[in-house]
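Here is a short report for a reader meeting this structure for the first time. It starts with one term, then moves from the chain to a single residue.

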Amino acid sequence: MDIYEKLKEMGLTLPGRPAKGGIYQPVVQAGNLLYVSGQGATRDGAAVVTGYVGGDVTVEEGREAARLCTLNALSCLEAYTGDLRRVRRLIKTLGFVQSAPGFHGQPGVIDAASELLCQLFGEERGVGARSAVSCNELPGSTSVEIEFIFELEA
């Protein structure tokens, strides 16, 4: 199934491309690899889920933040490529979770991003290598930030 059809079937729409928060490119291409800069859980330039996962933010709220980060990344990819059908596969996901002291469930939070990409692209194309790490602070106190590497069709 086409990724746009899958988004529609899941009741999802891509948000507008997030505003840049500094001096960087949202997507950089090297050969057939597309490096997507870290995306926070933002909508219309404002952080949607803020705070510390495992503290004032529940794991489910953190997972929702991870899904929004993923949709923001896909929005950046679409703006760069013009068509998400040109994406061959996910290569790597690197997820940062702003964590309360003693919280060790970062992989479960970032799983929400991995699950979404698997649903959209299928297991063969939507599951890549992954790291999920804790951090004590993220820009704007967003609860989750994720960067991705995708492969573009040749």
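A strand here is a DSSP run of E with at least two residues, numbered from the N terminus. By that definition, T93 lies in strand β5. Keep T93 in mind; the report returns to it. The model is predicted.

**The chain**

The chain has four helices and seven strands. Along the sequence they follow the pattern α-β-β-β-β-α-β-α-α-β-β. The radius of gyration is 15 Å, close to the 15 Å that the globule rule gives for 154 residues, so the chain is as compact as a globular protein of that length. Its C-alpha atoms fill a box of roughly 45 × 35 × 25 Å along the principal axes. Buried residues account for 44% of the 154. The chain exposes about 7,600 Å², and carbon and sulfur atoms supply 50% of that area. Take the contacts between residues at least 6 apart in sequence: 82% of them join residues at least 24 apart.

**The sheet**

Five strands form an open sheet with mixed pairing, in the order β1-β2-β7-β5-β6. Its edge strands are β1 (27-30) and β6 (129-135), and each pairs on one side only. Neighbouring strands are turned by 15 degrees against each other on average, direction ignored.

| Strands | Bridges | Direction |
|---|---|---|
| β1 and β2 | Four bridges | antiparallel |
| β2 and β7 | Six bridges | antiparallel |
| β5 and β7 | Nine bridges | antiparallel |

V28 has Y35 in β2 as its bridge partner. L34 has F150 in β7. R89 stands opposite E151 in β7.

**The helices on the sheet**

Helix α2 (residues 59-81) lies across β1, β2, β5 (87-98) and β7 (144-152). It runs at about 40 degrees to β7. Helix α3 (residues 106-121) also packs on the sheet, touching β5, β6 and β7. The direction of α3 makes about 145 degrees with that of β6. Strand β7 is mostly covered: eight of its nine residues are buried.

**Back to T93**

Is T93 buried or exposed? Buried means under 20% relative accessible area. T93 has a relative accessible area of 1%, so T93 is buried. Which residues does T93 contact, leaving aside its neighbours within four places in sequence? They are I110, A129, R130, S131, I146, E147 and F148. Among these, I110 falls within α3 (residues 106-121). A129, R130 and S131 fall within β6 (129-135). I146, E147 and F148 fall within β7 (144-152).

Definitions and conventions
Residues are numbered from 1 along each chain as its sequence is written. This is a predicted model: local features need pLDDT of at least 70, side-chain atom pairs count only at pLDDT 80 or more; totals for chains, interfaces and linings use all residues. Side-chain values use heavy atoms; hydrogens and water are left out. Two strands pair if DSSP finds at least two bridges between them. Axes are lines fitted to C-alpha atoms, for helices over the stretch in contact, and angles run from 0 to 180 degrees between N-to-C directions. Contact means heavy atoms within 4.5 Å. Buried means under 20% relative accessible area, exposed over 50%, partly exposed in between (1.4 Å probe, protein chains only). The radius of gyration is taken over C-alpha atoms; the globule rule is 2.2 Å times the number of residues to the power 0.38. Accessible areas come from the Shrake-Rupley method with a 1.4 Å probe; for residues, only the protein chains shown count as cover.
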